[in-house]
Amino acid sequence: MTADLAGHARELAGWLRDNAERLAPWRRRPPGSLAAAVEHDRGLLALLHEAGWSRYGWPEQAGGLGGPVALRAVLYDELAAADVEVPEAYVILETLGPLLTAFAPDLAATHLPRFLRGEELWGQGFSEPEAGSDLAGLRTRAEAAGNGFVVNGQKIWTTLGQFASHAAVLARTGAPDSAHRGLTMLWVDLGQPGASVRPIPASSGRDEFAEMFFEDARVDGSRVIGEVGGGWAAAMYLLQYERGMYAWLRQAILHRRLREVAAMAPAGASPSSLAALGRAQRVCAGLRARSRTTVLRLSAGENPGPEISVDKVLLGQAEQAVFDAWRQLCWEAMAVDDGDLSSTLREEWFYSRASTIFGGAADIQRDILSDRVLRLPRGAR
Ligand SMILES: Cc1cc2nc3c(=O)[nH]c(=O)nc-3n(C[C@H](O)[C@H](O)[C@H](O)COP(=O)(O)OP(=O)(O)OC[C@H]3O[C@@H](n4cnc5c(N)ncnc54)[C@H](O)[C@@H]3O)c2cc1C
């Protein structure tokens, strides 16, 4: 990081040390109910907003304190380094916050401060039962009506959707065969008539995503994010943060987990499980180095474009390497220990299985790299 960022990081680390007692409740997320964890996190969001730390790197017009985007990366890194759990809400923030500030400044001015204070949570309404990797095939329709749209359709796998007040919904405003050209991104109030949200039971026991249903849900024209018909461009912009800044946020957490896993390793651990830990450390170091470059590029206003898929592939590898190392080193703790740390690691082991799926599946990322970055001929793969 540059000298200024390093100075900011030192100041923040000092604040975290000085406020260690106040921050103690957030060293570990309460295991069990996701609703309780989301509620618990709100207190930390409010505290970080009140102290100003979560406002750096966001535009002043949207309630931030300005400065480069990389200041947000410093926050995630320092929280994890100080053994404070990075609020899950920041994952959504890094996905939809940059979208709103770049494509809908008025919406950002209203909603970003509420999110930063822990008063609102949002959902990302892209995937549908028949459209995940093939997002351009989505079917949710937004028909022009008066000064806005009427939305009908279904979304699925919306992370934390059951706790969201609003969602960024990618809908078809063009002809059914208009593919990516006929899409528009809308900011939908989930509390309105015609919108309903249902959590999806997960095998991990942690129902972290939801389905959203829209039946004649009305959306005012002022709630278009970007341009009518410009939904694809808005989604591609957002993905750079979902794959880039998110990878940085996760690598910060993964490095904390690595420290914890290494400390749990039993005396006399087998050479193969120690090798798994070594591999996890190597993969996480690679992710951090790559992700640092990406964050600095985003911070300089660059659009890394399809190259961001490298970060997503590395993230999937690092997520799985860390929790597989834990499983190998501490099999008993994984299977039966209900202590706070084991519960957290078990939840994250489950989550790590999904890391090669969400935000664009790993096979798709490799295809993007092959086609659009390396420009390999199809027969050469
Ligand atoms: C934990 C988690 C959180 C999520 N959160 C959200 C969210 O908040 N909002 C949201 O909109 N979505 C969310 N998703 C959905 C996610 O974006 C999709 O699951 C993902 O895009 C894959 O789509 P799919 O599930 O329809 O799988 P499919 O597209 O059906 O893919 C299934 C498999 O086939 C492979 N495949 C598909 N097409 C090709 C191809 N052309 N070439 C090679 N291989 C291919 C894929 O790689 C994958 O392995 C989340 C998913 C998870 C797991």
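Which helices each supply at least two residues of the lining of the second largest pocket? In this predicted model, they are helix H5 (89–103), helix H7 (231–243) and helix H9 (271–299). The second largest pocket holds a volume of about 180 Å³. Its lining comprises 16 residues. Val69, Thr101, Tyr237, Tyr241 and Leu298 lie nearest the centre of this pocket. By class, 8 of the lining residues are nonpolar, 6 are polar and 2 are charged. Two domains are each represented by at least three residues in the lining: domain 1 (3–120) and domain 3 (244–380).

The ligand site was examined next. A shell of 18 residues surrounds the ligand. Gln124, Ser127, Ser133, Trp157 and Asp363 are the closest of these. The shell divides into 8 nonpolar, 7 polar and 3 charged residues. Strand S3 (148–159) supplies at least two residues of the shell, and helix H13 (362–373) likewise supplies at least two. At the domain level, domain 2 (123–230) and domain 3 (244–380) each contribute at least three residues to the shell around the ligand.

For Trp157, a polar backbone atom is 2.8 Å from a nitrogen atom of the ligand. For Thr159, a polar side-chain atom lies 2.7 Å from a ligand nitrogen atom. For Asp363, a polar side-chain atom lies 2.5 Å from an oxygen atom of the ligand. On its own, the ligand has 970 Å² of accessible area, and the protein covers 65% of this.

Rolling a probe the size of a water molecule over the atoms shows where empty space is left. The count comes to 1 cavity of 30 Å³ or more. About 90 Å³ of space lies in the largest cavity. Helix H3 (residues 34–50) gives the most to the lining of this cavity, with 5 residues. Leu34, Val38, Asp41, Arg42 and Leu45 are among the lining residues. Glu88, Ala89, Gly118, Glu120, Leu121 and Leu160 also line the largest cavity. By class, the cavity lining has 6 nonpolar, 1 polar and 4 charged residues.

At least three of its residues belong to the lining of the second largest pocket, and at least three belong to the shell around the ligand.

Note on methods
Residues are numbered from 1 along each chain as its sequence is written. This is a predicted model: local features need pLDDT of at least 70, side-chain atom pairs count only at pLDDT 80 or more; totals for chains, interfaces and linings use all residues. Side-chain values use heavy atoms; hydrogens and water are left out. A residue is near a molecule or strand if one of its heavy atoms lies within 4 Å of it. A polar contact is a pair of N or O atoms within 3.5 Å; within protein, one must be able to donate a hydrogen and the other to accept it, and residues adjacent in sequence count only if both atoms are side-chain atoms. Accessible areas come from the Shrake-Rupley method with a 1.4 Å probe; for residues, only the protein chains shown count as cover. Helices (H or I, at least four residues) and strands (E, at least two) are DSSP runs, numbered from the N terminus. Ala, Val, Leu, Ile, Met, Phe, Trp, Tyr, Cys and Pro count as nonpolar, Asp, Glu, Lys and Arg as charged, and the others, Gly among them, as polar. Domain bounds come from an automatic or database domain assignment. On a 1 Å grid over the protein atoms alone, a cavity is a set of points where a 1.4 Å probe fits but cannot get out, and a pocket is an open set with protein on both sides within 12 Å along at least five of seven lines; lining residues have an atom within 4 Å of a point. Grid points are joined across faces, edges and corners, and a volume is the space filled by probe spheres set on the points.
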